[in-house]
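Visitor: I am new to this structure and would like to learn how to read it. Could you show it to me and take me through a few features?

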Amino acid sequence: MKGNLLFEKEENWNVALKSFKSARAVYEELGKYGDLENQQLCRERVQELDPNIRYCLHKIGESNLQTSELVHIDEMEGPALDLFKAKLEAVMAEARSQQAASMTEFNWLGHKFPISNAKTRVSILKAQELEKDLHGPTANSLTAEKRLIVFDKIFAAYHEARSCIRSDLVTAGSSENLKDDLSALDKAIGAVLGQRTIERNQLLVSLAKSKLNKVRDDKTEKVTKPEELVRLYDLLLQNTADLSDLVSSGRDRKPEEVAFTEECELKSLVFRAERCFYLAKSYSSAGKRTEAYALYCRARSLADTALKKIQNLTTPDQVTIKELEMLYNDSRSHSCIEHATGVMEEQKAPENLSKKISTLSLTKNDNKLEKFLIEKLDSYESAVGDSNTRGIPRIDAFPPAFQATPRNPIVLDLAFNSIEFPSLENRMKKDKKGFISRLWR
């Protein structure tokens, strides 16, 4: 409590650090005794105290907090971390503002774009700090889930920077030079966003591949299907095409931009080979051997073409080369398997057809069907027994048979119109008429 009080007042950091360390030592000692619930509670309290200790060391000057530590602390939960998160975010924002004061331009593919807005500089600087966590020496220590969280924060920072740039474009007025600089900066940040989107989707592909052939121990765990990988590679192809179009849209293209466009085309070729391979897997799982064989052959051809292009580069990526070699070998082996399986199924098709035809019967089945249960309610017979000796219980006929139903008689007699009745004029009584009535006729 003393440490939290000094922490909130932001004074006597040495005393606060000593109090936090003493509390951590007490919790560590208490965690050795008691039941499991008490030990777990003590461990949680120790984990909540560690960020406070690191923050006190930072204020004293004996430690420097990195952005990756901020990401880890955001994922932690506990009542004692709310104040710490607020203070840490304020410290990080202040540090970014100080660094942004010296940041005057943004470098991308040989171009230098001036940055005049302070909010834009802070947002770009925040994104670049997070990128160091992904590509720096501590990148291997981050799990896939934490890397996805960092990607989301990078996207948020760059989108914030683009919104500031577009607001400046609206207020730029008639200054054409300023508008050109802001448009070029917006294009550069959009291209960086496209690169990070491709990297994030590649991370999702690696996660999906790890679950593709994994044996599912837990029934609730989701197993990846080849169709999901095909969808991810469709997204990667679209991202690569958009990024290539964005970079090649300028008039005066530098050699760095030309090389970047060629790199995008090569990536697109690799993604096409991978997509074709998993599309073939999808057809194979559906039992379509001909389509699967053709797609495996196409994937092998694309992998071979991409492999030759990468090997001709001055600095080829060895990781990509190994992946393409593995893809080439897998495509070749799977195409052979699909070809052999298709031949076997084609040879067994007449035999299977003859077996099915042999079971057909042209005569009526003489087996007497068992009565319905509703017809033998007075006699008890157990419905549970050997499935080989006793058939399936039959409760009642469904749908029921048609039955005649009485209804009202038809009122309209249609036969009356076709009957010819005899003439009755000779039997009718004739009226006697006088002289005057004849005149009126």
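Guide: Let us begin with Arg275, which has its place in helix α10 (residues 255–285); helices here are DSSP runs of H or I with at least four residues, numbered from the N terminus. This is a predicted model, in which local features need pLDDT of at least 70 and side-chain atom pairs count only at pLDDT 80 or more, while totals for chains, interfaces and linings use all residues. Residues are numbered from 1 along each chain as its sequence is written, and side-chain values use heavy atoms, with hydrogens and water left out.

Visitor: How does Arg275 count in terms of accessibility?

Guide: Buried means under 20% relative accessible area, exposed over 50%, and partly exposed in between, with a 1.4 Å probe and protein chains only. Arg275 has 26% relative accessibility and therefore counts as partly exposed.

Visitor: Which residues does Arg275 touch, not counting residues up to four places away in sequence?

Guide: Contact means heavy atoms within 4.5 Å. With that sequence limit of four places, Arg275 touches Val230, Tyr233, Asp234 and Leu237. Arg275 and Leu232 lie 43 residues apart in sequence, and their C-alpha atoms are 8.5 Å apart in space.

Visitor: Is Phe277 buried or exposed?

Guide: Phe277, which is also in helix α10, counts as buried because its relative accessibility is 5%. Leaving out residues up to four places away in sequence, Phe277 touches Tyr296, Ala299, Leu327, Asp330, Ser331 and His334. Tyr296 and Ala299 are among the buried residues of helix α11.

Visitor: What span does helix α11 reach from its first C-alpha to its last?

Guide: The expected span of a helix is 1.5 Å times one less than its number of residues. Helix α11 (residues 289–311), with 23 residues, reaches 33 Å, close to the 33 Å expected.

Visitor: At what angle do helix α7 and helix α8 pack?

Guide: Axes are lines fitted to C-alpha atoms, for helices over the stretch in contact, and angles run from 0 to 180 degrees between N-to-C directions. Helix α7 (residues 144–170) and helix α8 (residues 176–210) pack at about 165°, with axes 10 Å apart. That makes α7 roughly antiparallel to α8, since angles under 35 degrees count as roughly parallel, over 145 as roughly antiparallel, 65 to 115 as roughly perpendicular and the rest as oblique.

Visitor: At what angle do helix α6 and α8 pack?

Guide: Helix α6 (residues 118–135) and α8 pack at about 30°, with their axes 13 Å apart, which means that α6 is roughly parallel to α8. Ile124, Glu131 and His135 of α6 make the contact with Ile189, Val192, Arg196 and Glu199 of α8.

Key. Helices (H or I, at least four residues) and strands (E, at least two) are DSSP runs, numbered from the N terminus.
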